[in-house]
Amino acid sequence: MAEAPMSCDCFVSLPPGSRDDHVIFGKNSDRPRDEVQEVAHYPAASHPPGSMLEVFLSLFFFLNLQCTYIQIPQVEHTHAVILSKPAWMWGAEMGANDQGVCIGNEAVWTRAEVAPHEALLGMDLVRLGLERSDSAWAALTVISSLLEQHGQGGQCREDPEPLCYHNTFLLVDRNEAWVLETAGRLWVAQKVTEGVKNISNQLTIGTEISAEHRELRSVAQAHGWWDGEGEFNFFKVFSPENPPARMELAKRRYRGGTELLQQHDGSVTAEVMMSILRDKPSGICMDSGGFCTTGSMVSVLPRDTSLPCIHFFTATPDPSRSIFKPFIFSDCSAPVLRVVSPKFGPDDPVRKQPRFQSKVDRRHDLYKAHQVALGTMETNPDVGLAVYEILRELESQCLSEISAMLSGEIPGEELGDLFFDCVDTEIKFYQ
């Protein structure tokens with residue numbers, strides 16, 4: 001088994017864990033340190049099936065939708081999404097849709113073999129779940145169905161050195177959350193309706209199973225992993241016998257995240273979630289070897305459906321030296337091009353065979369400006385700190401405006417361009 005990166009933590013707080021009547025979602029995406037993460041908006045779209053010939057071809061040759069590696073049939077309608085995604089792939093590490101659904105994924109290794117062939121990446125499943133679902137449960141149904149149909153597999157980093165894994169997911173909406181854990185095409189899920197919950201790079205579901213693959217237990221018996229006696233415990237049955245050393249280290253990060261959530265149980269807000277994602281001692285804000293936190297996200301999902309959901313993204317590495325910028329879906333939502341990476345079409349090393357034989361510059365404008373600012377922080381700490389403190393004040397002002405909007409003091413439509421404005425202001429400060 002290849003050594004696993006210490007990567008990714010997802011969090012959710014549901015009332016009464018939250019201070020207000022809001023569901024709070026958060027994730028740190030920990031990836032190869034030189035990987036660029038972009039924040040991309042895709043509007044809702046209709047995809048009519050067209051002629052009978054096109055329908056026939058889509059059913060038998062999977063020509064409709066190109067994911068990172070494979071093609072699958074497209075559905076007739078997709079929701080608007082905002083995604084934080086590695087710039088080289090089709091899928092996303094985390095994101096939200098205009099129906100108030102948020103999803104994040106984690107790498108995980110189990111007793112089930114990680115298939116080397118190309119299939120759907122876990123990140124593809126995140127995006128597909130968001131595009132095709134209007135609730136967390138619907139997203140779970142979409143992801144588990146696609147997993148059973150197409151499987152998961154393929155290279156998970158932009159490099160010829162192999163790195164493949166299975167996935168766990170945290171799926172959240174205004175009312176509930178679901179933890180979905182997978183092993184190959186098998187899966188198990190746990191429903192969360194109140195309080196706080198976090199996941200890291202390990203299995204967490206034991207006997208409290210809310211839904212599962214119809215053949216989960218029979219496959220476990222067939223492989224000799226379970227004798228069929230007593231209560232079925234997914235964690236015990238499917239955890240690998242010899243996990244990678246870094247997967248073992250992830251247990252400490254998981255415990256640290258649990259402790260931080262428990263410290264704030266009953267008072268979790270967006271600010272609290274951001275502070276957890278910025279926590280260095282626990283390892284949640286990660287910098288280890290060739291991996292670091294390359295993007296972060298926090299979402300506020302009010303239980304009151306008359307209020308909009310707010311999604312904060314850094315679009316830059318290291319949340320302890322980045323600021324969160326709020327995005328709100330509106331009729332005029334459009335891509336913010338300064339956090340979108342350049343595209344390379346058929347010449348992209350991801351598209352050429354064999355894949356990943358060369359590198360291209362995927363840095364977007366904000367990423368470049370932020371890298372310069374990080375250099376300044378290293379060489380001239382006083383100047384760098386002064387700039388960062390001003391930007392943290394900008395973040396604080398945004399949070400205050402969001403709070404005022406959620407309490408009805410200012411209308412939400414006035415904040416529709418806030419993400420664009422914050423990105424533009426951040427770049428100007430760095431310059």
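Here are a few notes on the fold, the sheet, the cores and the cysteines of this predicted model.

1. Overall build. The protein chain has ten helices and 19 strands. Its C-alpha trace spans about 60 × 50 × 45 Å along the principal axes. The radius of gyration is 21 Å, which agrees with the value near 22 Å that a compact globule of 431 residues would have. Buried residues come to 59% of the 431. Looking at contacts with a separation of 6 or more, 72% are between residues 24 or more positions apart.

2. The open sheet. Eight strands line up as E3-E8-E9-E10-E11-E12-E13-E15, with antiparallel pairing. The edges are strand E3 (37-42) and strand E15 (211-212); each has a single partner strand, so one side of each is left without a neighbour in the sheet. Ala177, for instance, has Val192 as its bridge partner in E13.

3. Helix H2 (residues 122-131) lies across E3, strand E8 (81-86), strand E9 (94-97), strand E10 (102-108) and strand E11 (166-172). Against E10, helix H2 runs at about 165 degrees.

4. In soluble globular proteins, nonpolar side chains tend to be buried together. Here the largest nonpolar core has 80 residues, and the members that touch the most others are Leu170, Phe238, Val298, Phe312 and Ile402. Helix H9 (residues 381-406) gives the most to this core, with eight residues. Another core, of 43 residues, lies apart from it; Leu140, Tyr165, Leu180 and Val350 are among its members.

5. Leu170 up close. Which residues does Leu170 contact, leaving aside neighbours within four places in sequence? The list includes Cys10, Phe11, Val12 and Phe25, then Cys102, Ile103 and Gly104. Also on it are Ala177, Trp178, Val179 and Ile199. Ala177 is the residue bridged to Val192 in point 2.

6. The cysteines. Cys102 counts as buried because its relative accessibility is 0%. Cys309, at 8% relative accessibility, counts as buried too.

Notes:
Residues numbered from 1 in each chain as written. Predicted model: local features only at pLDDT ≥ 70, side-chain atom pairs only at ≥ 80, totals over all residues. Heavy atoms only, no water. Core = buried A, V, L, I, M, F, W, Y, C linked by side-chain atoms within 4.5 Å. Buried < 20%, exposed > 50% of the residue type's maximum accessible area, 1.4 Å probe, protein only. Helix = DSSP H or I, 4+ residues; strand = E, 2+ residues; numbered from the N terminus. Contact = heavy atoms within 4.5 Å. Pairing = 2+ DSSP bridges. Axes fitted to C-alpha atoms, helices over the stretch in contact; angles between N-to-C directions. Rg over C-alpha atoms; globule rule 2.2 N^0.38 Å.
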